[in-house]
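Me: I'm new to reading protein models. Can you walk me through a couple of features, step by step?

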Amino acid sequence: MARFRPLPIIDRSRDDLFMREALALAEQGAGQGEVPVGAVVVLDGEVIGRGFNRPIGAHDPSAHAEMQAIRDAAARLANYRLPGATLYVTLEPCSMCAGLIVHSRIQRLVYGASEPRAGMAQSRGRFFEQDFLNHRVLVEGGVLAEACGQVLTEFFRARRHPVAGEG
């Protein structure tokens with residue numbers, strides 16, 4: 001008999017708290033020259049996975065923040081599936097990460113800033129609403145969207161206009 005977890009009770013203050021942790025990870029990535037995106041996986045109120053973008057440093061095009069956080073969580077639980085978990089990520093996921101979220105059985109996705117070029121939750125496509133998917137993910141965007149977007153804006157502004165004596 002299949003076991004189902006109840007739908008999570010949405011707590012906005014908790015969402016803000018975990019998104020701030022993802023923002024701190026995004027800043028850590030920016031400090032390493034990576035596009036500042038951070039992610040945390042939470043299960044039963046506890047962070048079980050952390051990650052930030054690392055494609056440049058890891059020489060790995062799949063090393064997105066979501067991928068890093070989900071890999072960390074799966075390793076900690078010794079399970080490739082994460083039922084009942086919530087993924088908090090500072091930027092709307094791309095198609096690769098959207099597929100990963102479904103395959104890992106994340107229950108809820110909470111993201112900050114929209115990604116108008118490649119976001120697959122709402123901006124460019126509504127991946128999680130596709131009929132062919134065998135797992136449904138609850139999706140909520142816009143949590144601390146301004147702060148999440150600002151980190152990205154500042155990062156790219158600094159890359160376009162470096163401070164004299166840097167870079």
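Predicted model: local features only at pLDDT ≥ 70, side-chain atom pairs only at ≥ 80, totals over all residues.

Me: Where in the chain does Glu-115 lie?

Reply: You'll find Glu-115 in the loop between E4 and strand E5 (138-140). Skipping neighbours within four places in sequence, Glu-115 touches Leu-91, Glu-92, Ser-123 and Arg-124.

Me: Which side chain of opposite charge is nearest to Glu-115, and how far away is it?

Reply: For a salt bridge, the charged atoms have to be within 4 Å. The nearest side chain of opposite charge is that of Arg-117, 5.9 Å away, so Glu-115 has no salt bridge, though it is buried.

Me: Now Arg-105: is it buried or exposed?

Reply: Buried means under 20% relative accessible area. Arg-105 has 16% relative accessibility, so it counts as buried. It sits in the loop between helix H4 (95-103) and strand E4 (108-113).

Me: What is Arg-105 in contact with, leaving aside its neighbours within four places in sequence?

Reply: Its partners there are Arg-81, Leu-82, Pro-83, Gly-84, Asn-134 and His-135. Take His-135: it is 30 residues from Arg-105 along the chain, yet their C-alpha atoms are 6.7 Å apart. There's a polar contact too, with a side-chain polar atom of Arg-105 lying 3.4 Å from the backbone oxygen of His-103.

Me: What feature does UniProt place at residues 13-140?

Reply: The unreviewed UniProt entry gives "domain: CMP/dCMP-type deaminase" for that stretch. Over residues 13-140, the chain is 35% helix and 22% strand, with the end C-alpha atoms 14 Å apart.

Key:
Residues numbered from 1 in each chain as written. Heavy atoms only, no water. Helix = DSSP H or I, 4+ residues; strand = E, 2+ residues; numbered from the N terminus. Buried < 20%, exposed > 50% of the residue type's maximum accessible area, 1.4 Å probe, protein only. Contact = heavy atoms within 4.5 Å. Polar contact = N/O pair within 3.5 Å; in protein donor to acceptor, adjacent residues only side chain to side chain. Lys, Arg positive; Asp, Glu negative; His and termini not counted. UniProt positions renumbered as here; feature names shortened; annotations may be inferred.
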